[in-house]
Amino acid sequence: MGSHAIFASLILCLFYSTLAQTVILPCGILYNRDEPSLLLNGFIKCYDQPYSRATTSTELAACTGTNVVYVGAKSNSSTATIALGAFGLSSKVYTVTSSTTTANSDPGGAYWYNYPLYGFGFSGVSTVNIYDCDYGQPAGDCAHRLCWNLGYSIGGYRVGCLENLNTNSTWRKVMYKGNQVQTCAPDNNECLNQNGNCSQNCINTAGSYLCTCLNGYILNINGKMCNDINECAIRNGNCSQICSNSDGSFA
(Lines give C-alpha, C1' and ligand atoms only; values in the text may rest on other atoms or scores of the structure.)
Protein backbone atom coordinates (compact mmCIF):
# COMPACT_ATOMS: atom_id res chain seq x y z
CA MET A 1 0.00 0.00 0.00
CA GLY A 2 1.38 3.41 -1.01
CA SER A 3 1.93 6.29 1.41
CA HIS A 4 -1.09 8.16 0.02
CA ALA A 5 -3.35 5.16 0.60
CA ILE A 6 -2.05 4.71 4.15
CA PHE A 7 -2.67 8.40 4.85
CA ALA A 8 -6.21 8.16 3.45
CA SER A 9 -6.90 5.11 5.60
CA LEU A 10 -5.74 6.95 8.70
CA ILE A 11 -8.02 9.88 7.88
CA LEU A 12 -11.00 7.51 7.47
CA CYS A 13 -10.22 5.82 10.79
CA LEU A 14 -10.08 9.17 12.55
CA PHE A 15 -13.32 10.23 10.84
CA TYR A 16 -15.25 7.13 11.89
CA SER A 17 -13.70 7.25 15.35
CA THR A 18 -14.99 10.82 15.71
CA LEU A 19 -18.45 9.78 14.51
CA ALA A 20 -18.55 7.02 17.10
CA GLN A 21 -18.06 9.64 19.81
CA THR A 22 -20.96 11.84 18.63
CA VAL A 23 -23.58 10.88 21.18
CA ILE A 24 -26.09 13.52 22.20
CA LEU A 25 -26.20 13.70 25.98
CA PRO A 26 -29.15 14.61 28.19
CA CYS A 27 -29.03 17.78 30.25
CA GLY A 28 -29.80 18.77 33.80
CA ILE A 29 -29.59 16.78 37.01
CA LEU A 30 -30.20 13.08 36.35
CA TYR A 31 -31.61 10.47 38.72
CA ASN A 32 -31.13 6.69 38.57
CA ARG A 33 -29.11 6.60 35.35
CA ASP A 34 -27.88 3.27 34.01
CA GLU A 35 -24.08 2.93 34.26
CA PRO A 36 -23.70 0.33 31.44
CA SER A 37 -25.29 2.76 28.97
CA LEU A 38 -22.57 5.30 29.75
CA LEU A 39 -19.83 2.76 29.09
CA LEU A 40 -21.50 1.55 25.88
CA ASN A 41 -21.60 5.15 24.63
CA GLY A 42 -17.83 5.48 24.95
CA PHE A 43 -17.42 6.87 28.45
CA ILE A 44 -14.50 5.65 30.57
CA LYS A 45 -14.80 5.33 34.34
CA CYS A 46 -11.95 7.40 35.75
CA TYR A 47 -12.84 7.66 39.45
CA ASP A 48 -14.61 5.25 41.80
CA GLN A 49 -14.06 5.60 45.53
CA PRO A 50 -16.16 5.25 48.69
CA TYR A 51 -17.56 8.39 50.27
CA SER A 52 -15.33 7.73 53.26
CA ARG A 53 -12.24 8.45 51.13
CA ALA A 54 -10.91 12.00 50.95
CA THR A 55 -11.02 13.38 47.40
CA THR A 56 -8.02 15.37 46.13
CA SER A 57 -7.51 17.69 43.16
CA THR A 58 -4.89 15.22 41.87
CA GLU A 59 -7.52 12.48 41.75
CA LEU A 60 -9.92 14.76 39.89
CA ALA A 61 -7.18 15.50 37.35
CA ALA A 62 -7.29 11.83 36.28
CA CYS A 63 -10.68 12.61 34.72
CA THR A 64 -9.53 15.56 32.60
CA GLY A 65 -8.50 15.56 28.94
CA THR A 66 -11.91 15.00 27.33
CA ASN A 67 -14.83 17.20 26.29
CA VAL A 68 -17.36 15.98 28.84
CA VAL A 69 -17.36 14.48 32.31
CA TYR A 70 -20.16 12.76 34.20
CA VAL A 71 -20.07 13.11 38.00
CA GLY A 72 -22.34 11.04 40.20
CA ALA A 73 -22.92 8.75 43.16
CA LYS A 74 -23.90 5.09 43.52
CA SER A 75 -25.50 3.55 46.59
CA ASN A 76 -22.97 0.68 46.59
CA SER A 77 -20.20 -0.87 44.49
CA SER A 78 -22.32 -3.63 42.95
CA THR A 79 -25.28 -1.61 41.68
CA ALA A 80 -25.46 -0.61 38.01
CA THR A 81 -27.55 2.48 38.84
CA ILE A 82 -26.09 5.93 39.39
CA ALA A 83 -28.51 7.42 41.91
CA LEU A 84 -27.65 11.07 41.19
CA GLY A 85 -25.43 12.63 38.58
CA ALA A 86 -24.89 15.30 35.94
CA PHE A 87 -23.01 15.79 32.67
CA GLY A 88 -20.82 18.85 32.35
CA LEU A 89 -18.28 20.33 29.97
CA SER A 90 -14.80 19.69 31.33
CA SER A 91 -13.94 23.34 30.79
CA LYS A 92 -16.72 24.25 33.24
CA VAL A 93 -16.50 21.39 35.72
CA TYR A 94 -12.77 21.81 36.40
CA THR A 95 -12.73 25.60 36.57
CA VAL A 96 -11.38 26.50 40.01
CA THR A 97 -13.93 28.59 41.91
CA SER A 98 -13.70 30.77 45.00
CA SER A 99 -17.29 31.75 45.78
CA THR A 100 -19.06 30.17 48.74
CA THR A 101 -22.49 31.27 47.52
CA THR A 102 -22.57 30.94 43.71
CA ALA A 103 -21.77 28.01 41.41
CA ASN A 104 -20.77 28.32 37.73
CA SER A 105 -23.39 27.69 35.08
CA ASP A 106 -22.89 25.05 32.39
CA PRO A 107 -24.76 24.69 29.06
CA GLY A 108 -25.93 21.29 30.29
CA GLY A 109 -28.10 22.85 32.98
CA ALA A 110 -26.10 22.01 36.13
CA TYR A 111 -24.13 24.50 38.22
CA TRP A 112 -20.60 23.49 39.22
CA TYR A 113 -17.99 24.44 41.81
CA ASN A 114 -14.41 23.27 42.31
CA TYR A 115 -13.19 25.02 45.43
CA PRO A 116 -9.93 23.50 46.83
CA LEU A 117 -10.01 22.91 50.59
CA TYR A 118 -13.78 23.32 50.48
CA GLY A 119 -15.81 21.24 48.06
CA PHE A 120 -16.36 19.85 44.56
CA GLY A 121 -19.78 19.17 43.11
CA PHE A 122 -22.91 20.48 41.46
CA SER A 123 -26.33 21.90 42.13
CA GLY A 124 -29.50 22.31 40.08
CA VAL A 125 -29.52 26.02 40.92
CA SER A 126 -26.74 28.60 41.12
CA THR A 127 -27.18 29.29 44.83
CA VAL A 128 -24.96 27.22 47.13
CA ASN A 129 -23.79 27.50 50.72
CA ILE A 130 -20.24 26.14 50.75
CA TYR A 131 -18.89 25.67 54.23
CA ASP A 132 -16.50 22.75 53.79
CA CYS A 133 -19.16 21.46 51.36
CA ASP A 134 -22.50 22.68 50.02
CA TYR A 135 -24.89 22.81 52.95
CA GLY A 136 -27.37 24.91 50.97
CA GLN A 137 -30.90 23.59 51.01
CA PRO A 138 -33.81 25.92 51.51
CA ALA A 139 -36.96 24.00 52.44
CA GLY A 140 -37.12 20.87 50.29
CA ASP A 141 -34.28 22.09 48.03
CA CYS A 142 -31.72 19.34 48.42
CA ALA A 143 -32.28 16.39 46.05
CA HIS A 144 -30.32 17.99 43.17
CA ARG A 145 -27.15 18.70 45.18
CA LEU A 146 -23.97 16.59 45.21
CA CYS A 147 -20.82 17.60 47.09
CA TRP A 148 -17.50 15.97 47.96
CA ASN A 149 -15.09 17.53 50.44
CA LEU A 150 -12.02 18.49 48.43
CA GLY A 151 -8.48 18.39 49.77
CA TYR A 152 -9.52 17.37 53.27
CA SER A 153 -8.50 14.40 55.36
CA ILE A 154 -12.20 13.45 55.51
CA GLY A 155 -14.49 12.07 52.83
CA GLY A 156 -18.15 12.84 52.18
CA TYR A 157 -20.25 14.83 52.06
CA ARG A 158 -23.66 14.55 50.37
CA VAL A 159 -25.81 12.78 47.75
CA GLY A 160 -28.97 14.80 47.33
CA CYS A 161 -30.71 14.98 50.70
CA LEU A 162 -28.42 12.35 52.23
CA GLU A 163 -25.77 14.20 54.20
CA ASN A 164 -22.91 13.52 56.60
CA LEU A 165 -21.54 10.65 54.50
CA ASN A 166 -17.98 11.49 55.57
CA THR A 167 -17.34 8.04 57.03
CA ASN A 168 -19.71 6.06 54.82
CA SER A 169 -17.87 3.26 53.01
CA THR A 170 -20.92 1.97 51.09
CA TRP A 171 -21.88 4.95 48.93
CA ARG A 172 -19.50 5.51 46.00
CA LYS A 173 -18.20 8.65 44.31
CA VAL A 174 -17.97 8.00 40.56
CA MET A 175 -16.76 9.94 37.53
CA TYR A 176 -16.68 9.13 33.82
CA LYS A 177 -15.03 10.99 30.95
CA GLY A 178 -15.68 11.03 27.22
CA ASN A 179 -15.46 13.05 24.01
CA GLN A 180 -19.18 13.06 23.35
CA VAL A 181 -21.21 16.07 22.27
CA GLN A 182 -23.38 17.71 24.89
CA THR A 183 -26.33 19.69 23.64
CA CYS A 184 -29.75 20.56 24.95
CA ALA A 185 -32.80 20.42 22.73
CA PRO A 186 -35.24 23.37 22.82
CA ASP A 187 -36.56 23.42 26.34
CA ASN A 188 -39.65 21.37 27.10
CA ASN A 189 -41.46 22.51 30.23
CA GLU A 190 -41.97 19.15 31.94
CA CYS A 191 -43.84 20.85 34.78
CA LEU A 192 -46.80 21.41 32.46
CA ASN A 193 -47.32 17.65 32.18
CA GLN A 194 -48.74 16.26 35.45
CA ASN A 195 -46.52 18.65 37.42
CA GLY A 196 -43.47 16.68 36.24
CA ASN A 197 -44.71 13.84 38.48
CA CYS A 198 -43.54 15.94 41.44
CA SER A 199 -45.65 15.43 44.54
CA GLN A 200 -45.44 19.14 45.44
CA ASN A 201 -43.46 21.87 43.60
CA CYS A 202 -42.06 21.55 40.06
CA ILE A 203 -39.42 24.02 38.81
CA ASN A 204 -38.59 24.04 35.11
CA THR A 205 -34.89 24.44 34.16
CA ALA A 206 -32.96 24.49 30.88
CA GLY A 207 -33.24 20.99 29.45
CA SER A 208 -34.65 19.51 32.63
CA TYR A 209 -36.68 20.26 35.78
CA LEU A 210 -36.52 19.95 39.56
CA CYS A 211 -38.98 18.84 42.20
CA THR A 212 -38.93 20.75 45.48
CA CYS A 213 -40.94 20.57 48.68
CA LEU A 214 -42.89 22.84 50.98
CA ASN A 215 -41.72 23.77 54.46
CA GLY A 216 -41.84 20.76 56.76
CA TYR A 217 -41.07 18.24 54.00
CA ILE A 218 -37.89 16.82 52.49
CA LEU A 219 -37.41 15.45 48.98
CA ASN A 220 -37.06 11.69 48.66
CA ILE A 221 -33.92 10.28 46.98
CA ASN A 222 -36.11 9.48 43.95
CA GLY A 223 -36.26 13.23 43.32
CA LYS A 224 -40.07 13.22 43.05
CA MET A 225 -41.83 12.53 46.32
CA CYS A 226 -41.86 14.78 49.39
CA ASN A 227 -41.67 13.10 52.80
CA ASP A 228 -42.75 14.67 56.05
CA ILE A 229 -39.96 15.82 58.36
CA ASN A 230 -40.52 14.59 61.88
CA GLU A 231 -39.29 17.66 63.71
CA CYS A 232 -39.96 15.97 67.04
CA ALA A 233 -37.24 13.43 66.28
CA ILE A 234 -34.69 16.27 66.17
CA ARG A 235 -34.02 17.59 69.67
CA ASN A 236 -37.71 17.13 70.50
CA GLY A 237 -38.52 19.99 68.10
CA ASN A 238 -36.88 22.30 70.66
CA CYS A 239 -39.98 21.82 72.77
CA SER A 240 -39.41 21.94 76.52
CA GLN A 241 -41.90 19.11 77.15
CA ILE A 242 -44.19 17.34 74.68
CA CYS A 243 -43.64 17.54 70.91
CA SER A 244 -46.42 16.38 68.59
CA ASN A 245 -45.52 15.84 64.92
CA SER A 246 -48.10 16.51 62.19
CA ASP A 247 -48.01 16.38 58.40
CA GLY A 248 -45.70 19.19 57.34
CA SER A 249 -45.45 20.69 60.80
CA PHE A 250 -45.36 20.03 64.56
CA ALA A 251 -46.62 21.53 67.80
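**Aromatic contacts and an open sheet**

One aromatic cluster is formed by Phe 43, Tyr 70, Phe 87 and Tyr 176; rings of Phe, Tyr and Trp (its six-membered ring) pair if their centres lie within 6.5 Å, with planes under 30 degrees apart counted as stacked, over 60 as edge-to-face and the rest as tilted. The model is predicted, so to speak of local features pLDDT of at least 70 is needed, side-chain atom pairs count only at pLDDT 80 or more, and totals for chains, interfaces and linings use all residues. Residues are numbered from 1 along each chain as its sequence is written, and side-chain values use heavy atoms, leaving out hydrogens and water.

Across the whole structure, a search finds nine aromatic pairs. In one of them, the ring centres of Tyr 135 and Tyr 157 are 4.8 Å apart and the planes are at 40 degrees, so this pair is tilted. Tyr 135 belongs to the loop between β10 (133-134) and β11 (146-149), and Tyr 157 to strand β12, so the pair ties together parts 22 residues apart in sequence. Tyr 135 is partly exposed, at 32% relative accessible area, while Tyr 157 is buried, at 3% (buried means under 20%, exposed over 50%, partly exposed in between, with a 1.4 Å probe and protein chains only).

Strand β12 also brings us to the sheet. Five strands make up an open sheet in the order β6-β7-β8-β11-β12, with antiparallel pairing (strands are DSSP runs of E, at least two residues, numbered from the N terminus, and two pair if DSSP finds at least two bridges between them). β6 (104-105) and β12 (157-159) are at the edges with a single partner strand each, so one side of each has no neighbour in the sheet. Between antiparallel strands β7 (residues 111-115) and β8 (residues 119-123) there are five bridges, and Trp 112 stands opposite Phe 122 in β8.

Key
Helix = DSSP H or I, 4+ residues; strand = E, 2+ residues; numbered from the N terminus.
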